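Please look over the sequence and the model before reading on.

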Amino acid sequence: MALKSFVEVSPDSHFPIQNLPFGIFKPEPGSTPRPGVAIGDYVLDLSSISDAGLFDGPFLSGSDCFQEPNLNKFLALGRPAWKEARATLQNLLSADEPKLRDNANLREKSLVPMGKVEMLLPIVIGDYTDFFSSMHHARNCGIMFRGPENAINPNWFHLPIAYHGRSSSIVVSGTDIIRPRGQGHPSGNTPPYFGPSRKLDFELEMAAVVGPGNELGKPVDVNEAGDHIFGLVLLNDWSARDIQSWEYVPLGPFLGKSFGTTMSPWIVTLDALEPFACDAPKQDPQPLPYLAEKISKNYDISLEVQIKPAGQEDSCVVTRSNFNHLYWTVTQQLAHHTINGCNLRPGDLLGTGTISGPEPESYGCLLELTWNGQKPLSLKGTTRKFLEDGDEVIFSGCSKGDGYNVGFGTCSGKILPSP
Ligand SMILES: O=C(O)/C=C/C(=O)CC(=O)CC(=O)O
Ligand SMILES: [Ca+2]
Ligand SMILES: [Mg+2]
């Protein structure tokens, strides 16, 4: 029999008892931020569960990590504590456990309707790195930016490359994004222009949330890298393609990326995703030993992007992809990140890179979907080459199990005009 909660959860919910993603929320305006897990249409307040002494296992009974306004302290405790929290919460929320089910007072205090809460960024992000791990995305961008002969640089197949992103401009889903201004260069010998970006794009990504991290100078073994990843979120690496293509040679992404990055509020744990683990693509050539994993796995997570065009009621699906298209796994990314001795810290964020699949309907950004604006997309009565002011971009992600989902909810943002 599948595990069931006493909290009513509709069959299409992203948040059944099998999921229990972690976030930070305010139960009402003015109240202090606190950790919670999503269960159906409710958020379970972990600060009240902790106050009630219900985290009684060896790792969490003496900890005040659930009284914190972010999850960093909990992340630093590592996998044994994460597993204990999940087991405690699955037990407390299950249909046949009376402790919370039959305690009206505690239920009233700790179960808050999701419609009433404000979700915040769940972690303090010290450092944000964005990888480039979909071969399809790398090839398509390469053809457009560098020409078909050199579409993918030879190093790409030997190491998961990345750029250092900007953590200060990472915002939680629902935050508006102001169209960036910057320099662009139309073509040929014309001088550069300055103004609002004319090629504003989204990038469909996910990101790994780092747990305990490592000491400076001590790399993480690729086969132990999984223990350093708490979970995954949806991530939109908004990109201004005109600013990017003019500025980023030879040093890489800068102002074309750093004006905003949106993440979903719920961190879905790797433990919840384990039933959806699948083989990662075969890597050819074989990676060097420090990147060779005993078990190389991805997760089967269906991803979808919708655009709600300015002034319209309905949104249109513009692409459908899957996390399992990634060539480099998140554990290889993490191991590679630390191989030179670089230290990761609790709450660091590792973007996967744009997740494009092989078919044009599965490309992960407008640059690819419209082939740099050459083939506009039709969206119910209107068309788009790139994003316009007032457009809202909505990502969703979900793994479908036998009679239940493990989902991420949504990650959305609306474009506001440049000031
Ligand atoms: O092909 C390039 O030169 C750059 C592509 C990107 O936009 C970089 C990036 O954000 C990586 C990714 O999302 O996969
Ligand atoms: Ca990116
Ligand atoms: Mg960005």
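The model described here is predicted.

**Annotated domain**

An unreviewed UniProt entry carries the annotation "domain: Fumarylacetoacetase-like C-terminal" for residues 131–397. In the model, this span is 13% helix and 28% strand, and its end C-alpha atoms are 19 Å apart.

The largest pocket has a volume of about 610 Å³. Its lining is made up of 29 residues, of which Phe132, Arg146, Ile161, Tyr248 and Pro253 are the closest to the centre. Two or more lining residues come from each of strand E6 (128–131), helix H6 (135–146), strand E7 (162–164) and helix H7 (241–247). Helix H6 contributes the most to this lining, with five residues.

The second largest pocket has a volume of about 380 Å³. Here 19 residues form the lining, and those closest to the centre are Gly226, Asp227, Lys297, Tyr299 and Thr331. The elements giving two or more residues to it are helix H3 (79–93), helix H8 (270–273), strand E19 (297–299) and helix H9 (330–338).

| Pocket | Nonpolar | Polar | Charged |
|---|---|---|---|
| Largest pocket | 15 nonpolar residues | eight polar residues | six charged residues |
| Second largest pocket | six nonpolar residues | four polar residues | nine charged residues |

**Helix H3**

Helix H3, one of the elements that line the second largest pocket, has 15 residues. From its first C-alpha to its last, H3 reaches 21 Å, close to the 21 Å expected at 1.5 Å a residue. The helix is mostly covered, with eleven of its 15 residues buried. Among the buried residues of H3 are Arg79, Glu84 and Arg86, together with Trp82, Leu89, Leu92 and Leu93. Ala81, Ala85, Thr88 and Gln90 of H3 are buried as well.

**Strands E20 and E21**

Strand E20 (residues 302–308) pairs with E21 in the antiparallel sense, and six bridges join the two.

Terms used. Residues numbered from 1 in each chain as written. Chains lettered and ligands numbered in written order. Predicted model: local features only at pLDDT ≥ 70, side-chain atom pairs only at ≥ 80, totals over all residues. Heavy atoms only, no water. 1 Å grid on protein atoms, 1.4 Å probe; cavity = no way out; pocket = protein on both sides within 12 Å on 5 of 7 lines; lining within 4 Å. Points joined across faces, edges and corners; volume = space filled by probe spheres on them. Helix = DSSP H or I, 4+ residues; strand = E, 2+ residues; numbered from the N terminus. Nonpolar A, V, L, I, M, F, W, Y, C, P; charged D, E, K, R; others polar. Pairing = 2+ DSSP bridges. UniProt positions renumbered as here; feature names shortened; annotations may be inferred. Expected span 1.5 Å × (residues − 1). Buried < 20%, exposed > 50% of the residue type's maximum accessible area, 1.4 Å probe, protein only.
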